[in-house]
Amino acid sequence: MTTPRSDFLKAIIDRGFFHQCTDLEALDAEFASKMVTGYIGFDCTADSLHIGSLLQIMLLRWMQKTGHKPIVLMGGGTSKVGDPSFKDEARKLLSEEDIARNKAGILQVFDKYLAFGDAATDAVMVDNADWLDKLEYIPFLRNFGAHFSVNRMLSFDSVKLRLEREQSLSFLEFNYMILQAYDFLELRRRYGCVLQMGGSDQWGNIVNGVELTRRVDQQTIFGLTSPLIT
């Protein structure tokens, strides 16, 4: 596309923070015409964030600096499953106590970069355990399972590379992308969130959320990724 009209996309593209988007021109129009609410999820797998997460925080910071509303999603629920994306083996399963301790450590990071409060562009922090812990298995499968193609899920690089290496992928881990997709649906319903951002390794998970919301709620939402720091 030509030079973006929106201040947010100009800022992140100029800084090399942009990698991929589901529909860049339509998202640019959203940012140029209204206040956009967007989120990034952070699983509670350690008591602090690694340097790669700083780039993600900068995306949220630039959203706020350019007049939009960032959501920080803590993965209190998804941390109980573990993201298999581009991992050689399953994450160690964490106890409720481990997750709570890690979450407390991570929370201290965000106050340095984002303004939280009740104003229109103030950041909001939520935890996906608030809805994922309450899901009932059979109703969840009936309501949402039909919207996911296993063939498509197997085609995403995050899963395909693991299988090609003949490394075990548990059914528990395979559910992660479904839960992340459901997070996006839930955040749109609760907060009007129309954008999920993340590292480029999250592309498949993000696309699933965009497609689930389109199929279930007939709503158009967007995904955007940044390069990985390696």
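Student: In which helix is Phe-171 found?

Tutor: In this predicted model, Phe-171 is found in helix H9, which spans residues 171-174.

Student: Why is Phe-171 called exposed?

Tutor: The relative accessibility of Phe-171 is 57%. Exposed means over 50%, so Phe-171 counts as exposed.

Student: What makes Phe-171 part of a nonpolar patch, and which residues form that patch?

Tutor: A patch takes residues with over 30% relative accessible area and no salt bridge, and nonpolar side chains are joined within 5 Å. Phe-171 forms the surface patch with Tyr-137, Ile-138 and Leu-141, and together they have about 450 Å² of accessible area. Helix H6 (residues 137-144) gives the most to this patch, namely three residues.

Student: Which residues lie nearest the centre of the second largest pocket?

Tutor: Tyr-137, Phe-140, Leu-141, Asn-175 and Ile-178 lie nearest its centre, out of 19 lining residues. The volume of the second largest pocket is about 420 Å³. H6 supplies the largest share of the lining, four residues, while H6, H7, H9 and H10 each supply at least two. By class, the lining divides into 15 nonpolar, two polar and two charged residues.

Student: How do you know that Glu-211 and Arg-152 form a salt bridge?

Tutor: The closest N and O atoms of Glu-211 and Arg-152 are 2.7 Å apart. The cut-off is a Lys or Arg side-chain nitrogen within 4 Å of a carboxyl oxygen of Asp or Glu, and the pair therefore forms a salt bridge. Glu-211 lies in helix H11 and Arg-152 in helix H7, so the bridge ties together parts that are 59 residues apart in sequence.

Student: Why is Glu-211 called buried, and what is Arg-152 called?

Tutor: Glu-211 has 16% relative accessibility. Buried means under 20%, so Glu-211 counts as buried. Arg-152, at 34%, counts as partly exposed because that class lies between the two cut-offs.

Student: What makes Arg-215 and Glu-211 a salt bridge?

Tutor: The N to O distance between their side chains is 3.8 Å, and the limit is 4 Å, so Arg-215 and Glu-211 meet in a salt bridge. Because Arg-215 and Glu-211 are four residues apart in helix H11, they are separated by about one helical turn.

Student: Which parts of the chain does the pair Arg-189 and Asp-217 link?

Tutor: The side chains of Arg-189 and Asp-217 meet in a salt bridge at 2.8 Å, N to O. This pair links distant parts of the chain, with Arg-189 in helix H10 and Asp-217 in helix H11, 28 residues apart. Asp-217, at 16% relative accessibility, counts as buried, whereas Arg-189, at 42%, counts as partly exposed.

Technical notes
Residues numbered from 1 in each chain as written. Predicted model: local features only at pLDDT ≥ 70, side-chain atom pairs only at ≥ 80, totals over all residues. Heavy atoms only, no water. Patch = residues over 30% accessible without salt bridge, like charges linked within 9 Å, V, L, I, M, F, W, Y side chains within 5 Å. Areas by Shrake-Rupley, 256 points an atom, 1.4 Å probe, with all protein chains shown as cover. Buried < 20%, exposed > 50% of the residue type's maximum accessible area, 1.4 Å probe, protein only. 1 Å grid on protein atoms, 1.4 Å probe; cavity = no way out; pocket = protein on both sides within 12 Å on 5 of 7 lines; lining within 4 Å. Points joined across faces, edges and corners; volume = space filled by probe spheres on them. Nonpolar A, V, L, I, M, F, W, Y, C, P; charged D, E, K, R; others polar.
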